[in-house]
Amino acid sequence: MTLYRAKDFIDAYRVRAMSPDINDLSGRDGRPDITSHVASRLADELELCQKDVIADIGCGDGALLKVALERGLLPGNLIGVLPTIEEVRRVNLHLLREFPQLREDVVVLGVSDATSIASDSVDKSVCNGVFLLLPDVAAVKASLNEIARITRKGGMVLVGEVPDVAEAEITNPVPGNTAHRSAIGRALQVFSDKGTGEVVRRLKNRLVATIERRVHVLSPPTTYWTSPQDFIEIADSSGLRFLRMYRSPTLTMTAEPAENETRWNYLFLRM
Ligand SMILES: C[S@@+](CC[C@H](N)C(=O)[O-])C[C@H]1O[C@@H](n2cnc3c(N)ncnc32)[C@H](O)[C@@H]1O
């Protein structure tokens with residue numbers, strides 16, 4: 001297994017795009033069940049309707065686009081956005097294999113503050129698990145402005161998995177947080193937080209990765225977090241009126257539905 005120390009999150013996901021396991025593109029290594037659960041909860045919250053045009057910014061492995069199709073949305077009304085050409089190619093191929101009715105460019109190249117999507121063209125915009133990867137408040141403001149720009153007036157915006165604490169600094173890091181970069185430090189942390197089962201599961205994943213000669217990507221620590229009040233104010237200044245917030249959904253080790261203790265999902269109405 002080769003270790004790759006990514007210089008930022010976009011670089012990390014560019015390398016993840018080469019993984020044989022498509023779920024690595026969602027950042028929830030070894031837990032595709034969480035990705036599916038999260039995608040179907042996002043679809044529930046957005047109350048998707050057949051004619052909705054949806055944009056999923058930072059769409060990971062395309063799980064939400066799949067759920068949208070399964071719920072009867074029109075193939076031509078789905079747009080995914082990913083920040084590197086490696087991810088765009090990989091996820092387009094992955095989705096087209098299962099859903100040949102999709103456009104070949106259902107996923108387009110872009111970032112949260114420059115999506116390349118036309119103004120006022122989207123009914124429901126989603127950006128889940130992306131804001132916590134942004135470098136600073138300026139990038140957050142620019143991303144909210146961009147999401148407001150592409151969403152039509154009266155449309156809905158869901159921004160998910162926004163931390164309300166500095167996850168990298170707390171002693172109880174959430175799954176997927178790779179802030180503790182020493183391997184032994186991380187293993188001890190996982191053992192004290194999650195117990196032997198999780199340590200064994202991760203060791204097994206590493207062993208499989210070694211046998212398959214996979215690249216293991218070490219990401220930098222996440223830095224962005226915000227109080228709900230500040231986040232709602234920034235969104236408001238971008239023309240997004242706060243509707244409600246709820247704890248980000250996840251699953252426990254035994255696949256029971258659970259709430260993420262450090263992250264929130266926010267729903268807004270485009271004014
Ligand atoms: C943690 S994954 C979440 C994937 C998916 N939204 C989900 O919830 O399963 C983060 C995603 O954000 C993308 N990403 C990272 N930085 C980004 C940026 N600046 N703009 C847009 N997407 C970004 C990554 O490529 C990846 O697809």
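Here is a short tour of this predicted model, stop by stop.

Residues are numbered from 1 along each chain as its sequence is written. Since this is a prediction, local features need pLDDT of at least 70, side-chain atom pairs count only at pLDDT 80 or more, and totals for chains, interfaces and linings use all residues.

**Colour by confidence.** pLDDT is the predictor's confidence in each residue, from 0 to 100. The protein averages 92, and 94% of the residues score at least 70. Now pick residues 176-180: pLDDT stays under 50 there.

**Show the sheet.** Helices (H or I, at least four residues) and strands (E, at least two) are DSSP runs, numbered from the N terminus. Two strands pair if DSSP finds at least two bridges between them. You'll see an open sheet of seven strands, in the order 4-3-2-5-6-9-8, with mixed pairing. Its edges are strand 4 (107-109) and strand 8 (240-251), each pairing on one side only.

**Select 151-163 and 257-270.** These are strand 6 and strand 9, an antiparallel pair with six bridges. Which residue stands opposite L267 of strand 9? Click L158: that's the one.

**Jump to 63-70.** Helix 3 lies across strand 2 (54-57), strand 3 (78-82) and strand 5 (122-128).

**Finish at A68.** Two residues are in contact if their C-beta atoms, placed from the backbone, lie within 7 Å. Leaving aside neighbours within four places in sequence, A68 is in contact with A43, L48, I54, L73 and L78.

Terms used: Axes fitted to C-alpha atoms, helices over the stretch in contact; angles between N-to-C directions.
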